Protein chains: 2
Amino acid sequence: MARIKAGEAERESSVDKVEQILQGAMQEFLARGYAGASMDRVASRAGVSKATVYSHFQDKEGLFKTLIEQMATKRFQSVFGNQPPEGDPSVVLPKLAKAALAQMIDDQEHRAFMRVIIGESGRFPELAQVCVRCLPKPAIETVTQYLTAHPELNLPDPEATAWILIGTLMSFMNVQEMLHGKEIVPMESDRLIETLTYLIAGTANPKTE
Amino acid sequence: MARIKAGEAERESSVDKVEQILQGAMQEFLARGYAGASMDRVASRAGVSKATVYSHFQDKEGLFKTLIEQMATKRFQSVFGNQPPEGDPSVVLPKLAKAALAQMIDDQEHRAFMRVIIGESGRFPELAQVCVRCLPKPAIETVTQYLTAHPELNLPDPEATAWILIGTLMSFMNVQEMLHGKEIVPMESDRLIETLTYLIAGTANPKTE
DNA sequence: GTCTATAAGTAGATAGAC
DNA sequence: GTCTATCTACTTATAGAC
């Protein structure tokens with residue numbers, strides 16, 4: 001490959017280097033956590049020298065904060081789709097729950113991300129809060145709106161009910177996948193979802209009657 | 001203090017030293033996580049030399065595993081009391097839930113412990129499983145037994161219902177306390193507990209009718 | 001802007017005196 | 001059994017060449 005004086009193939013410098021560094025930082029921080037990550041390995045994974053990493057980010061903490069904030073706002077925005085759901089609760093609730101569970105469980109990066117966030121939530125509380133704003137908050141709000149829009153369910157407290165729905169799914173993911181509890185406390189996700197739907201929308205829950 | 005040849009006051013050696021080391025290790029590991037913890041600081045917090053730490057435990061990993069297993073089995077056994085609950089569901093369920101939440105939220109050490117366990121669950125899956133066996137498993141089993149013993153509740157799946165109860169409480173703790181979400185997704189624990197009780201035991205949940 | 005080389009400090013772990 | 005002193009490897013971060 002002939003060298004071009006300042007060709008496009010070489011103009012990937014600065015901008016793309018930052019992206020490379022963030023990619024390498026993601027691999028390293030998600031694999032080893034904040035304290036366990038090494039800036040040498042970040043640089044190595046990114047394919048740049050360590051000095052280049054430090055020329056774009058102030059220090060390890062700054063790189064970590066930038067990475068986590070970017071992942072929270074870009075990569076893992078909404079557990080559900082973007083538009084509010086419509087239709088009969090006995091159809092919509094299981095569909096919503098299945099979609100949320102599938103997205104959390106199938107995505108290995110998502111699990112590693114949550115592990116790091118929770119593990120570092122004592123030392124980086126503001127990062128934990130960014131994640132609360134991007135993950136459970138929109139999910140709870142979406143479900144609350146949907147439940148409020150269905151007064152025929154006769155729910156005394158739609159917001160608390162939304163907490164119960166989302167909280168159950170989050171805990172299921174936590175215990176079964178993150179804490180490796182599948183064989184210790186076995187539970188089919190479909191049973192959980194059916195029971196949630198039954199309790200909230202009531203297979204046999206005809207209003208007050 | 002005169003020196004006694006082998007007096008009781010000095011016989012605290014070996015046995016108590018191990019206890020001191022585990023105490024120091026607990027402070028250090030809970031404060032900084034596994035990777036962030038230093039064996040120098042463990043020794044310093046324990047009031048012994050580092051060599052003494054290594055004479056009682058093989059290495060950092062061995063000390064960590066011993067500590068976590070001991071804490072899981074001794075310190076944080078049951079979220080609920082030991083004996084199975086009795087009485088009317090509309091009374092027992094809120095009482096149980098309040099007790100569990102109070103114990104999790106008020107105990108700062110418990111929160112730090114859960115943070116470390118989740119944060120390290122990728123690198124120490126067997127430790128995570130020990131905690132699943134000691135914490136959510138007995139809680140879910142207790143509630144499942146109680147719900148099964150009350151067929152008048154007409155629950156199609158008591159075990160899944162127990163998951164929902166325990167999972168909701170765990171997630172509430174997770175989001176509100178561990179991830180510092182109290183101001184971002186506000187929710188009164190009493191509203192959550194009342195709604196859980198309503199959905200499961202039904203203020204207005206008269207059997208199928 | 002990016003690199004190589006290195007500074008300065010701390011990590012886990014052990015040898016050997018007592 | 002417990003200590004002090006030490007070894008080696010690795011850590012974050014930067015200086016200076018190009």
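# Report on a predicted protein–DNA model

B:Arg41 is placed in helix H2 of chain B, which spans residues 39-46. This and everything below refers to a predicted model. With a relative accessibility of 30%, B:Arg41 counts as partly exposed. Leaving out residues up to four places away in sequence, B:Arg41 touches B:Glu28, B:Arg32 and B:Gly36. The C-alpha atoms of B:Arg41 and B:Phe29 are 9.9 Å apart, and the two residues are separated by 12 positions in sequence.

## Chain A as a whole

Chain A contains 10 helices and 0 strands. Its pattern along the sequence is accordingly written α-α-α-α-α-α-α-α-α-α. The chain has 209 residues, of which 51% count as buried. Considering contacts in chain A between residues at least 6 apart in sequence, 67% join residues at least 24 apart.

## How the two chains are related

Two copies of a chain are related by a rotation about an axis and a shift along it. Here chain B is superposed on chain A by a rotation of 180° with 0.0 Å of shift along the axis, at an RMSD of 0.0 Å. The two copies are thus related as by a two-fold rotation axis. In chain B, the C-alpha nearest that axis belongs to B:Gly119, at 2.0 Å.

Of the interface residues of chain B, 98% are also interface residues in chain A, so the copies meet through the same surface.

Two residues illustrate contacts between the chains. A:Gln129 is found in helix H7 of chain A, residues 125-134. Its relative accessible area is 22%, so A:Gln129 is partly exposed. Apart from neighbours within four places in sequence, A:Gln129 is in contact with B:Leu179, B:His180 and B:Ile184. A polar atom of the A:Gln129 side chain lies 2.8 Å from the backbone oxygen of B:His180. Within chain A, A:Gln129 and A:Ile117 are 12 residues apart in sequence, with their C-alpha atoms 9.6 Å apart.

The second residue, B:Thr161, is part of helix H9 of chain B, residues 158-178. B:Thr161 counts as buried because its relative accessibility is 0%, and the limit for buried is under 20%. When residues up to four places away in sequence are not counted, B:Thr161 touches A:Thr195 and A:Leu199 as well as B:Leu147, B:Leu155 and B:Ile200.

## Aromatic residues

Over all chains, the structure holds 12 aromatic pairs. One of them is formed by B:Tyr34 and B:Phe124, whose ring centres are 5.0 Å apart and whose planes meet at 70°, so the pair is edge-to-face. B:Tyr34 lies in helix H1 (residues 13-36) of chain B, while B:Phe124 lies in the loop between helix H6 (108-119) and helix H7 (125-134) of chain B, so the pair ties together parts that are 90 residues apart in sequence. Both B:Tyr34 and B:Phe124 are buried.

In chain A, one aromatic cluster is formed by A:Phe29, A:Tyr34, A:Phe64 and A:Phe124. The charged end of A:Lys60 sits over the ring of A:Tyr34, at 4.8 Å from the ring centre. In chain B, B:Lys60 lies over the face of B:Tyr34, 4.8 Å from the centre of that ring.

Of the atoms of DNA strand D that come within 4 Å of the protein, 61% belong to sugar and phosphate.

| Residue | Protein atom | Atom of DNA strand D | Distance |
|---|---|---|---|
| A:Lys50 | side-chain N or O | base nitrogen | 2.6 Å |
| B:Ser49 | backbone N or O | phosphate oxygen | 2.9 Å |
| B:Thr52 | polar side-chain atom | phosphate oxygen | 2.4 Å |

Both chains give elements to the surface near DNA strand D. The elements that give two or more residues to it are helix H2 (39-46) and helix H3 (50-56) of chain A, together with H1 and helix H3 (50-56) of chain B.

Definitions and conventions: Residues are numbered from 1 along each chain as its sequence is written. Chains are lettered from A and ligands numbered from 1 in the order in which they are written. This is a predicted model: local features need pLDDT of at least 70, side-chain atom pairs count only at pLDDT 80 or more; totals for chains, interfaces and linings use all residues. Side-chain values use heavy atoms; hydrogens and water are left out. Rings of Phe, Tyr and Trp (its six-membered ring) pair if their centres lie within 6.5 Å; planes under 30 degrees apart count as stacked, over 60 as edge-to-face and the rest as tilted. Helices (H or I, at least four residues) and strands (E, at least two) are DSSP runs, numbered from the N terminus. Buried means under 20% relative accessible area, exposed over 50%, partly exposed in between (1.4 Å probe, protein chains only). A charge sits over a ring if NZ of Lys or CZ of Arg is within 6 Å of the ring centre and within 35 degrees of the ring normal. Contact means heavy atoms within 4.5 Å. Copies are superposed by least squares on the C-alpha atoms of residues with pLDDT of at least 70 in both. A residue is near a molecule or strand if one of its heavy atoms lies within 4 Å of it. A polar contact is a pair of N or O atoms within 3.5 Å; within protein, one must be able to donate a hydrogen and the other to accept it, and residues adjacent in sequence count only if both atoms are side-chain atoms.
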